[in-house]
Amino acid sequence: MSPRHHLDAATLVSHAAGALSPEMSAVVALHLAGCAECRASLARADAIGGVLVEQQHPAHAQGAQHARLRDAMLARLDEPAPQPAAPANADGDPDRLPAPLHPYFGASWRALKWRWMGPGMHYIRTLGPSGGTMLLLRIGPGRRMPVHGHQGSELTQIVRGAYDDALGHFAAGDVADLDADTEHQPVTAPGEACICVSALDAPLRFPGWFARRLQPLFGI
Ligand SMILES: [Zn+2]
């Protein structure tokens, strides 16, 4: 089934311009592998990403002109485009993690070393090459997550299972590319654990919901 929740245009353009961290790019690659719609958008973003890089040189344009150019480029991403064929599935081994996750978590589901986070909740956290955090979460079926906000740079791809929140139903293949101020409370679907992977840009930063719980304690 085709994903219903996609990368937003700004993320695709940043990816095309090479401006995302390796961790963010890994989550983007994971989504792209299963989403013809975002691959088509990326093809357009590739064409304009170079122009965005040009814009970063102040000599090329003034601020207001930057904004107009950027808006025009983002608008172009909303135009329909032919959908390229999906890439062939490299292998059908059910124990094999998706390739973009191998540098962070290895290649085998069975070999994963899950850590306990709470009732029915497990996680694995690794630091990426740029110091960003990759977080693999496994939430049991029918669980209600704590209400949490999202800090500036968090990108979450659903790998298995599903959850629902105020933004809709997120199933395997969907990506949650959320604004910084979005607050939500996912409830995992019954029957199957929900596994998702999040890229967090800043090092040593807890996921949004965890940080929020700590804020009153530390006055941050
Ligand atoms: Zn997509």
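How many helices and strands are there in the protein? The model, which is a predicted one, has 6 helices and 11 strands. Of the 220 residues in the protein, 43% are buried. Looking at contacts between residues at least 6 apart in sequence, 68% of them link residues at least 24 apart.

Next comes the metal site. The zinc ion is held by four residues: His 6 through ND1, His 31 through NE2, and Cys 35 and Cys 38 each through SG. These atoms sit 2.1 to 2.3 Å from the metal. What is the geometry of the site? It is tetrahedral, with angles of 93 to 128° among the 4 donor atoms. For reference, the ideal angle for four tetrahedral donors is 109.5 degrees.

Along the chain, the donor residues follow the spacing H-x24-H-x3-C-x2-C. His 6 belongs to the segment before α1 (9-16), while Cys 35 is in the loop between α2 (22-33) and α3 (36-55), so this pair ties together parts that are 29 residues apart in sequence.

Now for the nonpolar residues. In soluble globular proteins, nonpolar side chains tend to be buried together. Here, the largest nonpolar core has 28 residues, and the ones touching the most other members are Leu 7, Phe 105, Met 134 and Val 197. Two or more residues each come from α1, α2, α3, α5 (102-105), β3 (133-139), β5 (154-160) and β11 (194-200). The biggest contribution is that of α2, with 6 residues. Where does this core lie relative to the domains? Domain 1 (9-77) and domain 2 (99-218) both supply residues to it, so the core lies between them.

Setting aside neighbours within four places in sequence, Leu 7 is in contact with Leu 12, Val 28, His 31, Leu 32, Cys 38, Leu 155, Val 175 and Asp 177. Two of these partners, His 31 and Cys 38, are also zinc donors. Apart from the core that includes Leu 7, there is a second, separate one of 14 residues, with Tyr 123, Met 145, Phe 170 and Leu 178 among them.

Terms used: Residues numbered from 1 in each chain as written. Predicted model: local features only at pLDDT ≥ 70, side-chain atom pairs only at ≥ 80, totals over all residues. Heavy atoms only, no water. Donors = N, O, S within 2.8 Å, 3.2 Å for Na, K, Ca; no water. Tetrahedral: all angles 85-135°; square planar, octahedral: opposite > 155°, others 65-115°. Helix = DSSP H or I, 4+ residues; strand = E, 2+ residues; numbered from the N terminus. Core = buried A, V, L, I, M, F, W, Y, C linked by side-chain atoms within 4.5 Å. Buried < 20%, exposed > 50% of the residue type's maximum accessible area, 1.4 Å probe, protein only. Domains from an automatic or database assignment. Contact = heavy atoms within 4.5 Å.
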